[in-house]
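Hi everyone, thanks for making time this morning. Let me put the model up on the screen, and then we can walk through it together.

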Amino acid sequence: MKAVVLLSAMTCFGFPCITVAQAVPADSIKDGYYDLGGFHYKVSTDSADAQKWFDRGLALCIAFNHEEGARCFERAIEYDPAMAMAYWGMAYAWGPNINNTEIEPHQIAEANLAIRLAQLHSTDSTPLEKAIITASASRYAAPVPEDYEPLNRAYSNAMRDVYANHTDDPLVASLFAESLMILRPWKQWDADGTPAPETPEIVNVLEKALETTPNFAAVNHLYIHTMEASPTPQKALDAANRLRNLMPGAGHLVHMPSHIDVLLGNYESVVQTNLRAIEIDKAVLERQGSMNFYTFYRIHNYHFVVYGAMFQGQSKIAMKAAEDLVAQVPDQLLRTQTDFLDAFMPMKFHVLIRFGRWEDILTEPEPADYLPMSRSVRHYARALAYAATDRIDDAEVEQALLSDTRAQVPETSVLFNNRSRDILEVAEAMVAGEIAYRKGNFDEAFRQLRNAVKLDDAMNYDEPWGWMQPARHALGALLIEQRHYEQAEQVFRADLKKHPRNPWSLNGLAECLMELERNDEATTIRNQFLSAAKQADVTIDRSCFCRLE
């Protein structure tokens with residue numbers, strides 16, 4: 001059978017796209033495919049093979065592997081060239097999603113072509129399929145406008161009408177909820193817990209779908225993303241637990257429960273869940289290579305392992321994950337997507353700081369000139385290392401270099417939802433505070449460190465959080481060193497609200513309570529600490545190794 005290439009010249013989210021015909025010959029594709037848990041959504045076709053590849057395409061889009069999803073829809077079209085929903089799937093795969101709203105104009109044009117082909121082939125489709133296709137057609141336009149927001153809103157309004165007539169269909173519920181989320185991606189909740197205007201409707205739609213179709217992967221996936229930044233992320237724990245095994249071969253979905261685990265202080269699950277996702281996604285690397293958007297999802301798993309292991313005190317796991325993360329990013333991808341990848345590259349420095357490996361920091365080589373965020377983080381780490389080892393003049397040299405290099409970081413450089421420059425603003429405050437502390441200027445030191453806490457808290461919601469080691473850990477540690485136990489107690493209690501059950505703050509809080517002679521409370525917290533620290537491979541005897549006592 002000859003492969004059909006619908007959009008042979010397309011690129012995948014700005015990356016070169018390998019079409020099905022180029023990836024592997026059609027006749028050689030075997031059923032040794034990703035384990036998608038038997039996912040099935042019946043659509044109009046007389047071809048079992050077309051249905052199979054449609055199911056795979058939709059499942060992979062649900063798992064945010066949109067490029068591979070598009071290739072699956074192409075395969076479905078090979079088996080049934082008149083399959084309207086396969087053309088719809090192509091348009092859906094190439095359209096905006098909550099993690100990639102800035103779709104290039106030519107991709108919107110290609111998606112527009114696909115949805116028009118879906119309309120042409122929809123004569124024999126069911127009324128529901130026709131409604132989905134018609135609503136999706138409002139999402140695209142030719143010529144492509146500069147501002148997509150009116151198209152996104154038109155699509156959301158159209159999907160509301162579809163949902164009103166098909167409230168029991170889990171795909172419709174998912175598409176409608178997602179269309180609302182795209183209007184305000186990653187901003188469903190304000191920092192104070194106030195929902196965005198669309199959020200109550202999103203929650204209502206997804207919770208109704210969870211009642212009737214609890215095992216539909218898309219509903220669980222989107223519900224986690226909806227609730228993770230809310231005041232009540234625990235409401236999504238059931239969805240997270242269901243999603244762990246719904247599609248065992250879809251690494252991103254296997255990873256997704258960790259977005260809730262980390263908020264509930266289950267750091268061991270964060271680490272193990274993402275290690276499992278890393279192993280699963282090795283099949284993606286083998287099949288799809290690394291020059292694609294899904295590489296961001298793969299390195300996201302490593303990033304999460306670093307974060308969770310740092311909280312648990314697992315220095316070896318954290319360091320290996322930080323080093324392995326860098327190995328996942330080929331030089332060509334790093335050079336072409338520097339704004340989106342630079343901030344991932346220096347994770348090793350955050351691990352070395354977390355575990356007080358000051359001399360190791362000073363032996364790390366300088367990153368390449370085209371990686372200003374990485375170079376800035378290195379100067380930050382070196383400044384802390386010199387300050388902690390009482391080499392203040394050297395620390396101040398690195399402080400100046402940090403300031404100079406931060407100015408070279410483009411405004412467009414980001415770590416997920418936060419600008420790199422904003423992240424480095426926390427670094428500058430941390431360095432200023434720790435240098436002032438070592439110079440004996442304690443009032444200025446604590447002023448700077450409290451400012452670092454404020455900047456840390458002010459960052460946009462992200463998982464993992466944009467600042468890898470909570471600024472409160474340094475503040476609390478140095479307050480204890482100066483015997484300010486009441487102040488340190490409040491710092492640690494605030495940190496435990498944000499990062500529950502983390503052993504670093506539990507250790508600090510227990511020490512404060514003991515020094516304040518509140519022994520019963522201290523014993524309770526100490527027992528919580530011992531439980532939280534049982535996986536650590538280092539001795540956690542302070543909240544930050546910047547405290548030298």
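Which residues does UniProt list for "repeat: TPR"? The unreviewed entry gives residues 50-83 and 469-502; its positions are in the numbering used here, the feature names are shortened, and annotations may be inferred rather than shown by experiment.

A word on ground rules. This is a predicted model, so to speak plainly: local features need pLDDT of at least 70, side-chain atom pairs count only at pLDDT 80 or more, and totals for chains, interfaces and linings use all residues. Residues are numbered from 1 along each chain as its sequence is written, and side-chain values use heavy atoms, with hydrogens and water left out.

Back to those two spans. Residues 50-83 are 79% helix and 0% strand, with the end C-alpha atoms 8 Å apart. For residues 469-502 the figures are 74% helix and 0% strand, and the end C-alpha atoms lie 11 Å apart. Helices here are DSSP runs (H or I) of at least four residues, strands are E runs of at least two, and both are numbered from the N terminus.

Now for some helix packing. Two packed helices are described by the angle between their axes and the distance between the axes. The axes are lines fitted to C-alpha atoms, for helices over the stretch in contact, and angles run from 0 to 180 degrees between N-to-C directions.

Take helix H25 (residues 442-458) and helix H26 (residues 471-481): their axes are 8 Å apart, at an angle of about 155°. H25 and H26 are therefore roughly antiparallel, a label for angles over 145 degrees. Their crossing is left-handed, meaning that the near helix is turned anticlockwise from the far one by less than a right angle. Contact (heavy atoms within 4.5 Å) involves residues including Phe446, Leu449 and Val453 of H25 and Leu475, Leu478 and Leu479 of H26. By class, that contact has eight nonpolar, no polar and four charged residues. Nonpolar covers Ala, Val, Leu, Ile, Met, Phe, Trp, Tyr, Cys and Pro; charged covers Asp, Glu, Lys and Arg; the others, Gly among them, are polar.

The loop between H25 and H26 holds Pro464, which is joined to Glu463 by a cis peptide bond with omega about -5°.

Next, H16 (residues 294-312) and H17 (residues 315-327): the axes come within 8 Å and cross at roughly 160°. That makes H16 roughly antiparallel to H17, and H16 passes H17 in a left-handed crossing. Among the residues that meet are Ile299, Tyr302 and Val306 in H16 and Ile317, Ala321 and Leu325 in H17. Here the classes are eleven nonpolar, one polar and one charged.

How many aromatic pairs does the structure hold? There are 20, counting rings of Phe, Tyr and Trp (its six-membered ring) whose centres lie within 6.5 Å, with planes under 30 degrees apart called stacked, over 60 edge-to-face and the rest tilted. One of them is Trp504 with Phe545, edge-to-face, at 6.0 Å centre to centre and 80° between the planes. Trp504 lies in helix H28 (residues 503-515) and Phe545 in the segment after helix H29 (519-532), so the pair ties together parts 41 residues apart in sequence.

Last, a backbone detail. Trp186, in the loop between helix H8 (170-183) and helix H9 (199-212), has phi near 65°, a positive value in a residue other than glycine.

Notes: Parallel < 35°, antiparallel > 145°, perpendicular 65-115°, else oblique.
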